[in-house]
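Subject: The structure I promised you

Hi,

Here is the structure we talked about. Have it open while you read, and take your time with it.

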Amino acid sequence: MQPPPPLTTLLDTATAHVRTIPGFYVRSRPHGFAAHVCASPQNLCQVRQLTSTELLAQGMKADTVDSAQLVLSELVGNSVRAYGDHVPLVVEVYVTSHGVAVNVHDPDPSALPRRRATPLDSAEAETGRGLGLVDLLAPGWHVRRSAIGKQVRCRLPAEPGWN
């Protein structure tokens, strides 16, 4: 089994086709990336694909990749519901010695995400389960105010394929 390619090579290959998309800028960071995006369905799709590519290259298992993509989608979706389409976001995904970090920054420090009392197994509910799913996949997630608004910080437990 060959080690994954260097991150900068992987990031350049994975993002070569998205560098020309308006409202989408990616920069590498150790064991992952930071994407500066204007929220849109197209940009969310690109960030989800980049998440998969990066995490698989870092040796993460497919179920961890799926969980990271779901957490990312829920957090971006919450920002879009709160602030509207094309809200500027910074999405960070990277592998740590404790698992996978998924952080989403948005521009409003005062609007904090709130868990709803909607049961996860509700057959009638159409919304309100997202943060419950995040609770299950990334226990202990938290929010902190940042220089650009606020940051929702999540850590998905996982064993990285590197030391």
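Below is what turned up, starting with the overall fold and ending with the charged side chains.

Before that, some ground rules. This is a predicted model, so local features need pLDDT of at least 70 and side-chain atom pairs count only at pLDDT 80 or more, while totals for chains, interfaces and linings use all residues. Residues are numbered from 1 along each chain as its sequence is written, and side-chain values use heavy atoms, with hydrogens and water left out.

**The fold**

The protein has four helices and six strands. Both are DSSP runs, numbered from the N terminus: helices are H or I with at least four residues, strands are E with at least two.

The six strands make an open sheet with antiparallel pairing, in the order S1-S2-S3-S4-S6-S5. (Two strands pair if DSSP finds at least two bridges between them.) S1 (24-29) and S5 (142-146) are at the edges with a single partner strand each, so one side of each has no neighbour in the sheet. On average, neighbouring strands here are turned by 20° against each other, direction ignored.

Have a look at S3 (residues 88-96) and S4 (residues 99-106), which pair in the antiparallel sense over seven bridges. Thr-96, for instance, has Gly-99 in S4 as its bridge partner.

Two helices lie across strands of this sheet. Helix H2 (residues 41-57) lies across S1, S2 (32-38), S3 and S4, and runs at about 180° to S2. Helix H3 (residues 62-83) lies across S3, S4 and S6, at about 10° to S4. Those angles run from 0 to 180 degrees between N-to-C directions, with axes fitted to C-alpha atoms, for helices over the stretch in contact. Contact means heavy atoms within 4.5 Å.

Of the 163 residues, 44% are buried. Buried means under 20% relative accessible area, exposed means over 50%, and partly exposed is in between (1.4 Å probe, protein chains only).

**The charged side chains**

How many salt bridges does a search of the whole structure find? It finds two. A salt bridge here is a side-chain nitrogen of Lys or Arg within 4 Å of a carboxyl oxygen of Asp or Glu.

One joins Glu-92 to Arg-29, with the closest N and O atoms 2.8 Å apart. Glu-92 is in S3 and Arg-29 in S1, so this pair ties together parts 63 residues apart in sequence. Glu-92 is buried at 11% relative accessible area, while Arg-29 is partly exposed at 23%.

Another links Asp-106 and Lys-150 (2.9 Å, N to O). Asp-106 sits in S4 and Lys-150 in S6, so parts 44 residues apart in sequence are tied together. Asp-106 is buried at 5%, and Lys-150 is buried at 2%.

Now for Arg-153, which lies in S6 (residues 149-157). Arg-153 is buried yet has no salt bridge: the nearest side chain of opposite charge, Glu-92, is 5.6 Å away. (Lys and Arg count as positive, Asp and Glu as negative; His and the chain ends are not counted.)

What does the side chain of Arg-153 make a polar contact with? The side chain of Gln-151, at 2.9 Å. A polar contact is a pair of N or O atoms within 3.5 Å; within protein, one must be able to donate a hydrogen and the other to accept it, and residues adjacent in sequence count only if both atoms are side-chain atoms. Leaving aside neighbours within four places in sequence, Arg-153 also touches Val-102, Asn-103, Trp-141, His-142 and Arg-144.

Cheers
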